Amino acid sequence: MEVKSAFSYFSATQEVEMSMVEYSTQDGIGIISVNNPPVNALSIGVPQGIIESLEKGNADPEVKAFVLMGAGSTFIAGADIREFGKPKPPGALTLHDLLPKLEASKKPVIAAVHGTALGGGLEVTLACHFRVSVPSAKFGLPEVKLGLLPGGGGTQRLPRLIGVENALDIMISGDHIPAQKAEKLGIVDEVIGDDLLGGSLDFAKKVIEEGRSLRVISEMNASLKADNPTEFFDGVRKGLAKKARGFLSPFLIVDCVEAAVKLPFPEGSARERELFMQCVQSPQSKALRHVFFAERQASKIPDVPKDTPVKPIKLAGVVGAGTMGGGIAMNFANAGIPVLLVEKSAEFLEKGIGTIEKNYANTVKKGRLSQPEMDKRMGLIRGTVGYDDLKDVDIVIEAVFEDMDVKKEVFGTLDRICKPGAILATNTSTLDVNKIASFTSRPESVIGLHFFSPANVMRLLEIVRGEHSSKETIATSMQLARTLKKLGVLVGVCDGFVGNRMLAQYGREASFLLEEGALPQQVDRVLYEFGLPMGPFTMSDMAGLDIGWAIRKRRAGIRPKDERYSPIADKICEMGRFGQKTGAGYYRYEKGDRTPIPDPEIESLIIKTSEELGIERRDISDQEILERCIYPLINEGAKILEEGIALRASDIDLVYINGYGFPVYRGGPMFYADQVGLKNIYESMLRYEEVHGKNWTPAPLLKRLAEEGKGFGDL
Ligand code: 3HC
Ligand code: NAI
């Protein structure tokens, strides 16, 4: 393609000339190509480049139509997220300058999409007169995932193009829509073949030859199936109250779409802009943008370069078909990787496979999986009671009992049987990965892959780097996480790794609060209102109290004598109350119902315990409950960072959001700490230290940052 002119943009920091938008002509059609790698975001310079290309083409009598496309692997993936909240250079033209110019072009403008047209990218296409795409293209308005709403006319134009109900679904879910569905919905006029340029030029010629009238979406009306718009939108808000609890932008999206139905386009657009600005400035959007970049950062390991060789995983093994092993095996099958599931007896194997089958069958029943797909996945899981079959696997993940002797036996066997170079991974949650590695002659191939329960559902995968884990083993594990659609976060070896180590601090303070005057329902309410899916006591009842009880009994002998210890959980277990599974724990439960009901019996047990401990009960404020539960997480996070167990504060945020339900719109505990201000947290910790002692001693890193007026984000 001959490039006739280019819009040049000089970055202030980088003295490099970049052609962000290229313009050329072919067969009387102006081709505007956005070239802003890696994802052709609408960075400063791009809207201006498109506008200049349009002006050039409109002034050229030879040009009869435009094709607007993306160079490289994608169309425009949206606004440049890094630019939000930053001042624009004076005079810089924006998306809002571009959109009316596209619509007003006298010559047809055809958006030709490959890769993804997301956010502002899709909004650009909606200001064009026609949209075509290759079959593999995807469309979406994912702003909601960044705590935003479509602010480039998307809330006004999409309902006008495809109807209110469909548009709301797309904006509230933020999901990517495949081309075929987009065509069915009416977003795409035609799915052309795989030849993006050829197909779109042919389409443009058809438009010219047939003299098709130009469709200007802003001049259309937004159609709503329901008779009463006010009732309809109130219903949507009600539906969102539970689904989007705590989130701001889904509700503002509904407000914008209501405006699209009730107001003329210019006023609806003004409303959209106003609410968009509210979103951009909200702490929620800052948090969600932090999470977006944190997820991309997490895959970058400073001493494991991008070009580190990665082993192909074509066959996997899982040892132990219990709670975790079964779920892990399902992950491989879901990704199309054959997996051998090894048990110690035929009976346990049958039970494990039966559970997997039941899990899949439930998903089929809910309509989220087809029967043939379930059969295919089950066909990829082969059970065996012999270890010999593991000789050909590329990776094996051990998920047997949490007992060092059992792990020793299993890893000794794996070392003998598995082929050289195979990765030997452990799913241990508390044991020393280095010690496990020492049971083999190849510690470089040993790594921890700590899945979370249910392993086939939870997105987090803590990848525990042993002292000797090789770069190849780490790189392959990070790649495997992506293949299994997990979020892999690299952590180091310590008791509880990142997540469980932090959780222990949280659980400890929650139980002390009970002794000092709070009741389970108050603590749980405060944390629920903060945004967690449930408070610590509801969670314990759900997970089962017996597991923690067994661990505490095992550790009783090694607990330091001067350590404060709350006996409440043990007393509840001694009553045979293990949580939901026994119909009672911190709460009681009606048969067949999981709603926790406060139980006077537990309340008197708690009050009696306070008496026995000589603690005078007092009213505890919600604020204290919040600080007492969340600040220890942050303090432990600071220690984890100092010790190099986590690479960066944002990795800790990802662990806590994806493994423990920390509200994503608060950005994770470390980001939240920066929002509160480390100085404030540090000072509160000193106050609590005076009353509660060394559990509250601030981590040296927290102290240093607080004194320097910095945050974890400054590290
Ligand atoms: N702005 C700035 N940088 C972006 C970006 C964006 N919109 N989208 C992606 N990037 C960056 C990533 O940070 C990453 O940078 P890195 O290499 O330095 O880590 C690089 O581009 C590649 O991104 P991914 O690793 O995510 O690449 P994938 O190929 O896996 O995914 C994608 C590509 C599907 C486009 C994915 O990046 C994505 O979902 N991006 C965000 C899309 C989005 O949310 N758009 C809406 C923005 S808000 C908006 O448009 C407001 C408007 O309504 C006014
Ligand atoms: P589980 O008790 O449900 O399953 C263990 C399975 O291993 C049993 O089916 C048992 O028969 C089998 N097994 C024992 N010894 C074996 C051997 N020598 N060879 C083959 N199979 C053997 O245990 P669960 O909960 O699945 O835990 C497994 C591992 O995962 C443990 O290390 C645990 O700490 C860890 N983990 C558990 C989580 C959970 O929530 N349950 C979360 C994350 C990690």
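Predicted model: local features only at pLDDT ≥ 70, side-chain atom pairs only at ≥ 80, totals over all residues.
Residues are numbered from 1 along each chain as its sequence is written, chains are lettered from A and ligands numbered from 1 in the order in which they are written, and side-chain values use heavy atoms, with hydrogens and water left out.

Visitor: Which residues come nearest to ligand 1?

Guide: A residue is near a molecule if one of its heavy atoms lies within 4 Å of it. By that rule, 23 residues are around ligand 1. The nearest are Ala79, Glu123, Glu143, Arg296 and Lys300.

Visitor: Which element gives the largest share of the shell around ligand 1?

Guide: Helices here are DSSP runs of H or I, at least four residues, and strands are runs of E, at least two, numbered from the N terminus. Helix H3 (120-127) and helix H11 (283-298) each supply at least two shell residues. The largest share, 3 residues, comes from H11.

Visitor: How much of ligand 2 does the protein bury?

Guide: Glutamate 343 places a polar side-chain atom 2.5 Å from an oxygen atom of ligand 2. Glutamate 402 also has one at 2.5 Å from an oxygen atom of the ligand. Accessible areas come from the Shrake-Rupley method with a 1.4 Å probe. Taken alone, ligand 2 exposes 830 Å², and the protein buries 81% of that.

Visitor: Which element gives the largest share of the shell around ligand 2?

Guide: Helix H12 (323-334), helix H15 (404-417) and strand E16 (446-451) give two or more residues each. The largest share is 3 residues, from H15.

Visitor: Are H24 and H28 roughly parallel or roughly perpendicular?

Guide: Helix H24 (residues 622-642) and helix H28 (residues 700-708) pack at about 100°, with axes 7 Å apart. Axes are lines fitted to C-alpha atoms over the stretch in contact, and angles run from 0 to 180 degrees between N-to-C directions. Angles under 35 degrees count as roughly parallel, over 145 as roughly antiparallel, 65 to 115 as roughly perpendicular and the rest as oblique. So H24 and H28 are roughly perpendicular.

Key:
Polar contact = N/O pair within 3.5 Å; in protein donor to acceptor, adjacent residues only side chain to side chain.
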